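Thank you all for coming; please have a look at the model on the screen, and then we will go through a few of its features together.

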Amino acid sequence: MRIFPVVAITLGLVGLNTPTVSANYAERAEVQAMADRLAAKGLDRNEVIKVMSEAKRLDSVIKAMNRPAERKQWKDYRPIFLKKARVKAAARFYQTHRETLERAEAELGVPVDVILAIIGVETYYGKNKGSFRALDALATLGLDYPKRAKFFLGELESLFLLGQEENLRASELKGSYAGAMGYGQFIPSSYLAYAVDFDNDGRRDLIDNPVDAIGSVANYLAEHGWDMQYGIASPVANAASQVERMESRIDVKETGSELTSKGVQQIPDAWSELPLDILGLHGAQGDEYWAVTKNFYVITRYNRSPLYAMAVTQLAYEIAEELGL
Ligand SMILES: [Ca+2]
């Protein structure tokens, strides 16, 4: 019921007496302006307006966005993703796509286990790709969710460009309530910028084609600076004084030897010249501290949460162990 203020603003535009309100998104000034921009980029303006006239406002999407962000600590977050069943699912996906995963590692320089961990955390190897129509989700957030409207209106525009570029029916694509699509949950702007046609069939299909999805996840990490020479994270001791706030975003800025000179113990010798940060976590066995490299930072380009990045990191390590990588 917390969505009432947002809904009331919208109802004001279309009439308060209608119990089920059609979104009428096509008539909105923002949509008319978007259609102009898309037409300038070669899309059929009438088609854009027609698709937008059929876009629905999904109250469930607004509700999901308004749900108070659960601020789980690491000790409660970790067990959601670090499950034996997920590691076994990774092993099955690896058996099916081994050649593709190895080619992605060789050509793009991102380890097989990391690619597997991302796809495992995002969609459980394609099992949970999302069932919202991306058009409806992005229209709802772009036009009826003022707090993030600018961002999501941009993603809605990218969805149309994607449809044109990849010859997809943008109106039929499915995704999460925030419009993230396919095995790796790419939002439209990321799809446009980082997806690759990894099976060379002339299309970039991240939704039904696991080969393109694997290559694209690897490409996303590679483009954000993944470096095969680095590890990702390593536990350290005597590091509490280096952490201002537990479980906060990281920013690699001090070298291993600088941190060692400040008293941090157990930093790997190979990292003495690497820029690092120290991440503090509330673990099941008490507070724990990790030295993290630029690769950890790269994972946070996929999702800003340091807990997300640590879940991916540890799942990758478990997958590597399971597969003998
Ligand atoms: Ca392809």
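This is a predicted model: local features need pLDDT of at least 70, side-chain atom pairs count only at pLDDT 80 or more; totals for chains, interfaces and linings use all residues.

How many nonpolar, polar and charged residues does the lining of the largest pocket have? The lining has 24 nonpolar, ten polar and 13 charged residues, where Ala, Val, Leu, Ile, Met, Phe, Trp, Tyr, Cys and Pro count as nonpolar, Asp, Glu, Lys and Arg as charged, and the others, Gly among them, as polar.

Residues are numbered from 1 along each chain as its sequence is written, and side-chain values use heavy atoms, with hydrogens and water left out.

Let me turn to the calcium ion, which is coordinated at 2.3 to 2.8 Å by Asp197 (OD), Asp199 (OD), Asp201 (OD), Arg203 (O), Asp212 (OD) and Asp212 (OD); donors here are N, O and S atoms within 2.8 Å of the metal, or 3.2 Å for Na, K and Ca, and since water is not among the atoms, sites may look incomplete. Along the chain, these donors follow the spacing D-x1-D-x1-D-x1-R-x8-D.

By contrast, leucine 143 counts as buried, because its relative accessibility is 6%. Buried means under 20% relative accessible area, exposed over 50%, and partly exposed in between, with a 1.4 Å probe and protein chains only.
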